[in-house]
Amino acid sequence: MMKELIFKNDPYEMNWVRPDFPYGEVGVPEELSATSASVREGDVVRTEIRIKNEGKKPYFTNIEDIQISFPVPDQYEDSKTSLIRRCHTHLFCGKDVSWICALRMGGEAPHLGMVVTEGSLAAYSVRRNLLRQSNDRGCFYLHPEGMELEAGEEKVIRWVIFPHEGKEDFLKKAGEYNPHFVDVRADRYVLFPGEKSVLTIRPAFQAEQVSVNGEALTEEDGIYTYTFTAAEPGEKVFEIAADQVHTRCRLFVQEEIHSLTEKRCHFIAEHQQYEKEGMLKGAYLIYDNEEERQIYRPENDFNGGRERIGMGVLMARFLQGEKTGSQPELEESLKKYLTYVKRELVDVETGKTCNDAGMDDSFKRLYNAPWAATFFAEIYRLWKQDEDLRYSCQVIRHYYKEGGRKFYPIELPVTLVMGELKKAGWQKEYDELLELFVDHADHLCEVGKNYPASEVNYEQSIVAPAADVILSVYLLTGDKKYLDEGARQVEILELFNGMQPDYHLNEVAIRHWDGYWFGKRRYYGDTFPHYWSALTGKVFKMYGEILKDENWIRRGEASIRGVLPLFFTDGRASCAYVYPLEVNDRRAAFFDPYANDQDWGLYANIR
């Protein structure tokens, strides 16, 4: 078994094989046997898996029956270690066209690529050391497509591992190492009805025929295109055949955004607002879509505060686009929630934001304050009551008083609040907050890539807030040093996002713990999508608009839309989609039943 793979030109001598799981280990049913062998030629590794039916009768496998380990160091240590010795792993199990693009977290080549050259993969699973909680993505186990093996028959799976310079270079080299490779891309992966997506299909070989869902395509300069027009909502699977090579592309059609948001807001008001007398009266709570009931527990991620304030933020933003009085049920619901927030969560005079109802601040958490500030700012935009803008400012002041300068906040409403202060003519408050925001950005610039650990050692929602605050301060000041540092942050942030031809993965950021902390099933495992992936989209769009670069704007829009599959056309929602086939031998690939904190993702889309 291969225990070490260090590319010869790597200045950091990073080992791309994690030591706590075997490489190329094959698990099969007892009726089958398996062997695994690897040959190294410099920086290139060729692996061959042989699976044989040892019985006297045919044997048909299911996807989960065969699993092949592929252990790469996709783990979060301190940021220094992570950036030079750990990787983000982007997997595509797309039948005959299957691959892995692993990127060093700091972005410096060489990176690791793998492409299957014989055989077909259908899915992957993960096994994790649960003692490491959110900081270790685990070992990947690759699942071949179901096989039919006659008595004594043997099937072979082969792949090649190679170094590469980045995403585009990976796709180029995948076609060089696998002569049957097909590069499939779409210009949109999440669409609204009436929109079009163009699929481009580039075989690495001279194909005699290329088809999508059985429809033959014509070639132009080695490229085949297929145009899809979105209609009914739901997943759309495109089966692609290039001669005898089969792969797929998955798109998603979502309901028109206004209608989707309106249904979601009504669902919150009718099903997720607590109406009984007591501490929780007016609160927006978790909803269990299986048991059709509200959920509250004092446990942090299931309580009456924290991320759940995103439901109020969404409601306030949606109502800003409605005629006054046209949505009386929603306005009444939001007023009840505003009363709850001021009574139970936020001391509006001091700006102190508490962790749970009852002004319970026994668990100190700086993330909560920016969300309360965003909530009051959106309430101000809706009803234009000066006190709400004052509350937002006071929450921000208290956030910095509590040490916010050194924190990496999610959704700190820098440009939102400053824009409202400027329009209102509140120059004193504008100048005061500008000084706080600039000081914060200066600290983030000074730290650079030496990110401190937060609730997770290193993650997308540490890098995205750094880029967000720094670029927001550039917009306020025009000082080029913030644009330069923002660009460096974007380079690191971009590495989290996948480029697979699948709406679950394309421009969706790697996150792999939220289903445990916020879900009913309490699964660790890749969450594709998870709504905080949209933080990256916000940064990409801001960066693209600053540079007037349509590619970054397009990627930002794709990232923000990428979270929309979490919302359903009847107004329900899910906090996360747990993507792997299995997690620690438990079946996954499901939407978690809890509607919990995901409404920040819908807010990102209507904002």
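**Notes on the predicted model**

1. In the hairpin of β7 and β8, six residues lie between the strands, and G107 takes a positive phi near 90°. Helices (H or I, at least four residues) and strands (E, at least two) are DSSP runs, numbered from the N terminus.

2. On conventions: this is a predicted model in which local features need pLDDT of at least 70 and side-chain atom pairs count only at pLDDT 80 or more, while totals for chains, interfaces and linings use all residues. Residues are numbered from 1 along each chain as its sequence is written, and side-chain values use heavy atoms, with hydrogens and water left out.

3. Strands β7 (residues 97-104) and β8 run antiparallel and are joined by four bridges; two strands pair if DSSP finds at least two bridges between them. Within this pairing, I100 stands opposite M114 of β8, and W99 has V115 as its bridge partner.

4. β8 (residues 111-118) is mostly covered, with six of its eight residues buried. Buried means under 20% relative accessible area, exposed over 50%, and partly exposed in between (1.4 Å probe, protein chains only). Seven bridges connect β8 to the antiparallel strand β12 (residues 154-164). E118 has its bridge partner, R158, in β12.

5. These strands belong to an open sheet of six, ordered β2-β3-β12-β8-β7-β6, with antiparallel pairing. Its edges are β2 (32-41) and β6 (87-94), each of which pairs on one side only. Neighbouring strands are turned by 15° against each other on average, direction ignored; the axes are lines fitted to C-alpha atoms, for helices over the stretch in contact, and angles run from 0 to 180 degrees between N-to-C directions.

6. Helix α10 (residues 460-477) has 18 residues and reaches 26 Å from its first C-alpha to its last, close to the 26 Å expected at 1.5 Å a residue. That expected span is 1.5 Å times one less than the number of residues. Of the 18 residues of α10, 15 are buried. G478 follows α10 and has a positive phi, near 75°.

7. Grid points are joined across faces, edges and corners, and a volume is the space filled by probe spheres set on the points.

8. The largest share of the largest cavity's lining, four residues, comes from β13. By class, this lining has nine nonpolar, one polar and three charged residues. Ala, Val, Leu, Ile, Met, Phe, Trp, Tyr, Cys and Pro count as nonpolar, Asp, Glu, Lys and Arg as charged, and the others, Gly among them, as polar.

9. The largest pocket has a volume of about 560 Å³. Of its 27 lining residues, K167, E168, M499, E507 and R555 are the closest to its centre. The lining of the largest pocket divides into eight nonpolar, eight polar and 11 charged residues.

Methods: On a 1 Å grid over the protein atoms alone, a cavity is a set of points where a 1.4 Å probe fits but cannot get out, and a pocket is an open set with protein on both sides within 12 Å along at least five of seven lines; lining residues have an atom within 4 Å of a point.
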